[in-house]
Amino acid sequence: MTKASKAYIALGANLNSPASTLESALETISQSKGIELVKRSSLYRSPPLDADGPDYINAVAEIKTTLTPLELLHQLQAIENAFGRERLYRNSPRTLDLDVLLYENFNSDSAELTVPHPRMHLRSFVLMPLMEIAGDMSLQQGYLSKLLEEALASGQIIHAL
């Protein structure tokens with residue numbers, strides 16, 4: 001039996017019915033082979049960061065998985081594609097965005113996969129739902145509460161739904 005690893009996934013959408021999309025995506029993730037949904041955050045609304053378009057709905061999920069980090073990435077990309085994800089340009093509006101935030105103590109900085117996620121410590125829409133389900137964990141850049149305080153002080157806005 002393969003050992004299951006803990007990972008955190010960020011979910012976001014701002015096209016069509018984003019809240020419904022995230023709920024459906026969480027259900028799809030929970031039914032995916034090699035993935036067990038352990039916890040999920042509430043849904044949060046925030047304006048796009050460094051982009052245009054409607055507000056985003058975001059969440060974070062804690063999973064246990066027997067997939068390798070790269071297999072997990074490919075599985076999440078397949079789910080994005082099933083939900084109609086198009087990559088038109090950087091930070092374009094999207095039907096569904098799934099990012100691997102953390103995967104145990106795994107570190108990667110390859111062209112295909114960067115873990116821990118390189119900008120999560122700067123984004124209130126990741127920090128707040130992550131803190132909701134993981135507590136005030138420490139990232140390389142500091143504790144979630146301090147990082148969230150800094151993100152909010154920079155003018156980022158986030159609201160629980």
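Glu104 is found in the loop between strand E5 (97-103) and strand E6 (108-109), where helices (H or I, at least four residues) and strands (E, at least two) are DSSP runs numbered from the N terminus. Glu104 has a positive phi of about 45 degrees although it is not a glycine, and it is partly exposed, with a relative accessible area of 39%; buried means under 20% relative accessible area, exposed over 50%, and partly exposed in between, for a 1.4 Å probe and protein chains only. The model is a predicted one, in which local features need pLDDT of at least 70 and side-chain atom pairs count only at pLDDT 80 or more, while totals for chains, interfaces and linings use all residues. Residues are numbered from 1 along each chain as its sequence is written, and side-chain values use heavy atoms, with hydrogens and water left out.

A positive phi, near 60 degrees, is also found in Asn16, a residue other than glycine. Asn16 is placed in the loop between E1 and H1 and is exposed, with a relative accessible area of 70%. Just after H2, Gly84 takes a positive phi of about 85 degrees. Another backbone feature is the cis peptide bond that joins Val115 and Pro116, with omega about -5 degrees; Pro116 lies in the loop between strand E7 (114-115) and H3.

Helix H1 (residues 18-30) has 13 residues and reaches 18 Å from its first C-alpha to its last, close to the 18 Å expected at 1.5 Å a residue, the expected span being 1.5 Å times one less than the number of residues. The buried residues of H1 are Pro18, Thr21, Leu22, Ala25, Leu26 and Ile29. Seen down the axis of H1, these residues fall within an arc of 135 degrees, so they line one face of the helix; the arc is that of the directions from the helix axis to the C-beta atoms. Their cover includes strand E1 (5-13), strand E2 (35-40), strand E4 (56-65), helix H2 (69-82) and strand E5, where contact means heavy atoms within 4.5 Å.

Helix H2, with 14 residues, reaches 20 Å from its first C-alpha to its last, close to the 20 Å expected at 1.5 Å a residue. Within H2, the residues Pro69, Leu72, Leu73, Leu76, Ile79 and Glu80 are buried. They cover an arc of only 120 degrees around the axis, which puts them on the same side of H2, and the buried residues of H2 pack against E1, H1, E2, E4 and E5.

Helix H3 (residues 124-134) and helix H4 (residues 144-153) pack at an angle of about 145 degrees, with their axes 9 Å apart; axes are lines fitted to C-alpha atoms, for helices over the stretch in contact, and angles run from 0 to 180 degrees between N-to-C directions. On the side of H3 the contact is made by Ser124, Leu127, Met128, Leu130 and Met131, and on the side of H4 by Leu144, Ser145, Leu147, Leu148, Ala151 and Leu152.

Ser41 lies in the loop between E2 and strand E3 (44-46) and is buried, with a relative accessible area of 2%. When its neighbours within four places in sequence are left aside, Ser41 is in contact with Ala59, Val60, Pro129, Glu132 and Ile133.
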